[in-house]
Amino acid sequence: MRKLIATVFNYSVDGLLADEGTEFWKFCFDLPENRQPDDPAHLDFLQSSYAHIMGRTAYEGISEAMTTSTDHPFAGILNAGRKVVFSRSLKTADWANTTIAAGDTAEEIDKLRMGGDGHIVVWGGVSLWRSLMRLDLIDELQLSLFPYVAGEGTRLFDGVPKSYQLDLVSSTASSNGIVELRYRRHR
C-alpha cells in the first residue's frame, strides 16, 4: 500500500504558513532554496512518487507556475507526473496527466494507495491537508520550518484532531537555518 506523504513548505516557527503578500512570503521566496530548489534527495523524492495530489486552489497555482516556468526544477517532474486534483467544483483539468477526484475523499485516497509500494505526495492546499488529517489518512508529514516568526498567516493545524501523535523520522538543518522535519504518524 502506498504511503500518503504531506509536504509543507514555508512554515514559520510560530506555526504559520507563508500567505502570499505577507512579509514572511517575501522572506521565503527571496531565498534561493525556494526560487531554485536543487536538493538531489528532494528532487528524487518528487520524481519517484506514484502521484502528486492537491486541492483546487493549489492545483490552479502550481499548474500555472509549472507550465509557464519550465526552467524550475519541479517543472519537468510535475508536468510529466501523474496528478490528482481533489475538487467538487472543478470540471476540467487542462494540465497534462491530471485527473479530478470529486467523490468521497477517503475512498479516492484508498484507490490511489492500492496496487503497489511507493508514495503519494500531498502538495496542499490547507483545506486538503486538514481534511486528510481529520480523516487520519496522512502517513508522513514533511515540514520545512523556516527561522522566522511570521505573526500573520494561515494556521495549518486549525480544526484537526486534538490528539495527533507524530514520531520524528529525521531532522536536517541547512546552513541558512531552515530545518527539514520528517514525521511519521504514530499508529
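**Entry 1: starting point.** I am working with a predicted model. I looked up the salt bridges and found that the structure holds 10 of them. I reminded myself that side chains of opposite charge can pair when their charged atoms come close.

**Entry 2: Glu140 and its partners.** I began with Glu140, which forms a salt bridge with Lys3; the closest N and O atoms are 3.2 Å apart. Glu140 sits in strand 7 (residues 140-146) and Lys3 in strand 1 (residues 3-12), so this pair ties together parts that lie 137 residues apart in sequence. I then checked Arg182 and saw that it forms a salt bridge with Glu140 too, with the closest N and O atoms 2.9 Å apart. That pair links distant parts of the chain, as Arg182 is in strand 10 and Glu140 in strand 7, 42 residues apart.

Is Glu140 buried or exposed? I find Glu140 buried, at 2% relative accessible area. Lys3 comes out as partly exposed at 35%, and Arg182 is partly exposed at 28%.

**Entry 3: Asp136 and Arg187.** Next I looked up Asp136, which forms a salt bridge with Arg187, the closest N and O atoms being 3.0 Å apart. Asp136 lies in the loop between helix 7 (126-134) and strand 7, while Arg187 lies in the segment after strand 10 (179-185), and the two are 51 residues apart. Asp136 is partly exposed, with a relative accessible area of 30%. Arg187 has 57%, which is over the 50% cut-off, so I list Arg187 as exposed.

**Entry 4: a cis peptide.** Turning to the backbone, I found a cis peptide bond joining Gly124 and Gly125, with omega at about 5°. Gly125 belongs to the loop between strand 6 (119-124) and helix 7.

**Entry 5: positive phi values.** Asn10 has a phi near 60°, a positive value in a residue other than glycine. I placed Asn10 in strand 1, and its relative accessible area of 8% makes it buried. Asn97 also has a positive phi, about 60°, although it is not a glycine. I placed Asn97 in the loop between strand 4 (83-86) and strand 5 (98-101), where it counts as partly exposed at 44% relative accessibility.

How values were computed:
Residues numbered from 1 in each chain as written. Predicted model: local features only at pLDDT ≥ 70, side-chain atom pairs only at ≥ 80, totals over all residues. Heavy atoms only, no water. Salt bridge = Lys/Arg side-chain N within 4 Å of Asp/Glu carboxyl O. Helix = DSSP H or I, 4+ residues; strand = E, 2+ residues; numbered from the N terminus. Buried < 20%, exposed > 50% of the residue type's maximum accessible area, 1.4 Å probe, protein only.
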